[in-house]
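My notes follow the model.

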Amino acid sequence: MRILVVLVLSVLCIQPLVGQMRLTNDMQETEAQLKASTKQVNQFFRRFNGEESTDGNRYYEKDKEFRSTSLRRKYMPVLFDTETGQYDPKETENFVKQITDKKNPEFLDFHQDDWVAEVRTTFNYRGQEVSGLLFMRLQAYGQGYEWIIEDVMFDFINGRFDKDTTESKAFIHPMSHELEFMTLKKALKDNKHSEQYTANDFEPDYLSIFLYELNTGNLKFVTVNDMQLHFFAIEGYYFSLSYFNRTGYNSGWLISSLVPLNSENETKQMKDYIYGKG
């Protein structure tokens, strides 16, 4: 009987210890994941530049490891989305090699670099929900900086314009001035694409239309749904940054695409594609 009691007490004592060990292991695993996860965009900048220790402590210019090449090469593999991203291994290697070159390293500058935030939003337009993109950029303001809306892309705005550029398009006759432009009545009546009577290089100003609709109350903000960042800060490359909310070490703000750009023309084409103008 005494032996049985001792065994029962032993089991009761061991179970909490096992539970505590599991809890401790789980906490350590969670802590390790949190340290590995790039939780903020600012943290991505610091890790990209080698301005944060692997324990998450900030490095400053006076610190020995500040922007060290070895630290940056250690961080770069965890700054890519390795679970769903598809990269050319050779191109990725070239990219890391370029930015960590000891003689000519490249860093990100939060305030000065060419980068833009693409914000997916929902608005209410004349009683109906519509989704669209706001392109936000930093600009200097006073002693600091501010985010400004640089451009927009909404179907109900951008879709209004479809300029006919063929030789058979409707046009206003060059002698119309002799008739005091009486042909305008026919040209503009019930015309949903009056942009065909504009100059060859006419480009609609979608942002002005967006602001007009917003200011008149026809368009009302509802919510932000998602965000993505586009970088043209590294010479010869474009990369995007997306947030991956998942368990594991490869999570947080990660590089979701990497594209080599071999000329200014390719850079322009990529920007036009992002802004929906390509």
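I looked up F48 and found it buried, because its relative accessibility is 0% and buried means under 20% relative accessible area, with exposed over 50% and partly exposed in between (1.4 Å probe, protein chains only). F44 also counts as buried, at 0%.

The model is predicted, so I noted that local features need pLDDT of at least 70, side-chain atom pairs count only at pLDDT 80 or more, and totals for chains, interfaces and linings use all residues. Residues are numbered from 1 along each chain as its sequence is written, and side-chain values use heavy atoms, leaving out hydrogens and water.

I then checked where the two residues sit. Both F44 and F48 lie in helix α2 (residues 41-49), 4 residues apart, about one turn of the helix; helices are DSSP runs of H or I with at least four residues, strands are runs of E with at least two, and numbering goes from the N terminus.

Next I looked up W115 and F231, an aromatic pair that is stacked, with 5.3 Å centre to centre and 5° between the planes. Rings of Phe, Tyr and Trp (its six-membered ring) pair if their centres lie within 6.5 Å; planes under 30 degrees apart count as stacked, over 60 as edge-to-face and the rest as tilted. This pair links distant parts of the chain, with W115 in strand β1 (residues 115-125) and F231 in strand β4 (residues 219-231), 116 residues apart. Both W115 and F231 are buried.

I counted 26 aromatic pairs by the pairing rule. F44 and F48 make a tilted pair, because their ring centres are 5.9 Å apart and their planes at 40°.
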